[in-house]
Amino acid sequence: MAKLGFALCVAFVLPLLQACGSDDAAYEGPRVPVRVMTRNLYLGADISGVLQATSPDAVPGLAAAFWAEVLRSDVPGRAKLLADEIAATKPDLIGLQEVELFRRQSPSDFATAPGLNATEVVFDFLALLQAELVARGEQYVVAANHSLSDVELPATLPEGLVDLRMTDRDVILVRPEVVFTAPVNATYTNFLSGNIGGEGGPRIEIKRGHSRIDVQVSNPTGIASFVFGNTHLEVGGLLRAYQEPQADELVRVIRPVSGPIIFAGDFNSPADGTGTRSYGFLRTVFKDAYADLKPGDAGHTCCLDIYAGDLAAAGSRIDLVLTRGDVVPLDATIVGGPAKTLTGISASIHLGVVMTLGLVPDAAR
């Protein structure tokens, strides 16, 4: 459909939720709308400096510098901004990435009992976000909570040697009226692992994965059933050797899954093809809803400096909503604009994407 034709279709038919603008959309009746969001919360600091330690002895100092940046990033304040975004757009389903859980243990026992035993919670990103949503009168249910990387390291803090533990999670939230079943959490078989600082250094595994649920959404138009998924692929650059197999694995897992699919996530592979091959792998089974709805719109979502807050610094579109089957994109909004915490910090280094999609009612399939 020509660009003008598509624009007219959205302008006049969107209120009726009719199908338009999709080459393989055979259904022409009223559609069931569903609004979804993808949002990377940002863990608060760049962990690559720690991972690049040149010796085990360097780890406590680098871990302390990482932790200072996490504290500076104002996690509680950023949770308020993220809750504001959700309250304003009211997505039915949300795919969240980097939903960190930070814990500590003082004094450190890493030298005598290395492992994952720090239990004192410092920041629970999920709990903070949920509390802020409740404060705004918004209710969301945790439909999937996938714990992935779990790393504990000694850090030299002002009070002495302390063990810091970071658990990375991907989370799916749904509104209470959304019916979901069969949550699946899967970890990709390719991931970075090794000893920080070389032989004798702390052992780490940087795991990535995906979650998915079976969903039913109901409204006066009808009932629509589909699969909703959420993922976070490894970064590109030097780690593309992990990211690309992860994307290939996701494609292989999804191919046999039946019915319409909506997949949200931080795919870390620019949609303009300038980065890794992962985006191309994904497009063998998925449509890119934003690209279909807004052809020619760069729609950049990453990566910002949370302290500078310059939206123009975003130079790539890696936060995506992908679909498979007869799913029509109806509306798209990029969120995470100029709002700042009281300490002058942006919500994340990522922007979020909120999309309204039209599905074929079950009764018409």
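User: How many nonpolar, polar and charged residues are in the lining of the largest pocket?

Analyst: This is a predicted model, in which local features need pLDDT of at least 70 and side-chain atom pairs count only at pLDDT 80 or more, while totals for chains, interfaces and linings use all residues. Residues are numbered from 1 along each chain as its sequence is written, and side-chain values use heavy atoms, with hydrogens and water left out. Ala, Val, Leu, Ile, Met, Phe, Trp, Tyr, Cys and Pro count as nonpolar, Asp, Glu, Lys and Arg as charged, and the others, Gly among them, as polar. By these classes the lining of the largest pocket has 16 nonpolar, eight polar and eight charged residues.

User: Which helix and which strands each supply at least two residues of the lining of the largest pocket?

Analyst: Helices (H or I, at least four residues) and strands (E, at least two) are DSSP runs, numbered from the N terminus. The elements that each supply at least two lining residues of the largest pocket are helix 2 (48–51), strand 5 (141–157) and strand 6 (160–174).

User: Is Arg324 buried or exposed?

Analyst: Arg324 lies in strand 14, which covers residues 319–324. Buried means under 20% relative accessible area, exposed over 50%, and partly exposed in between (1.4 Å probe, protein chains only). Arg324 has 17% relative accessibility, so the residue counts as buried.

User: Which backbone oxygen does the side chain of Arg324 reach?

Analyst: Contact means heavy atoms within 4.5 Å. Leaving aside neighbours within four places in sequence, Arg324 is in contact with several residues, among them Ile254, Arg255 and Phe286. At 3.2 Å, the side chain of Arg324 reaches the backbone oxygen of Ile254.

User: What is the omega of the peptide bond from Cys302 to Cys303?

Analyst: Most peptide bonds are trans. Cys303 lies in the loop between helix 8 (289–293) and strand 14. The peptide bond from Cys302 to Cys303 is cis, with omega near 5°.

User: Where is Pro107, and what is the omega of the peptide bond from Ser106?

Analyst: Pro107 is placed in the loop between strand 3 (101–105) and strand 4 (120–124). The peptide bond from Ser106 to Pro107 is cis, and its omega is near 0°.

User: What is the phi of Glu98?

Analyst: Most residues other than glycine have a negative phi. Glu98 is found in the loop between strand 2 and strand 3, and at 11% relative accessibility Glu98 counts as buried. Glu98 is not a glycine, yet its phi is positive, at about 55°.

Notes. Polar contact = N/O pair within 3.5 Å; in protein donor to acceptor, adjacent residues only side chain to side chain.
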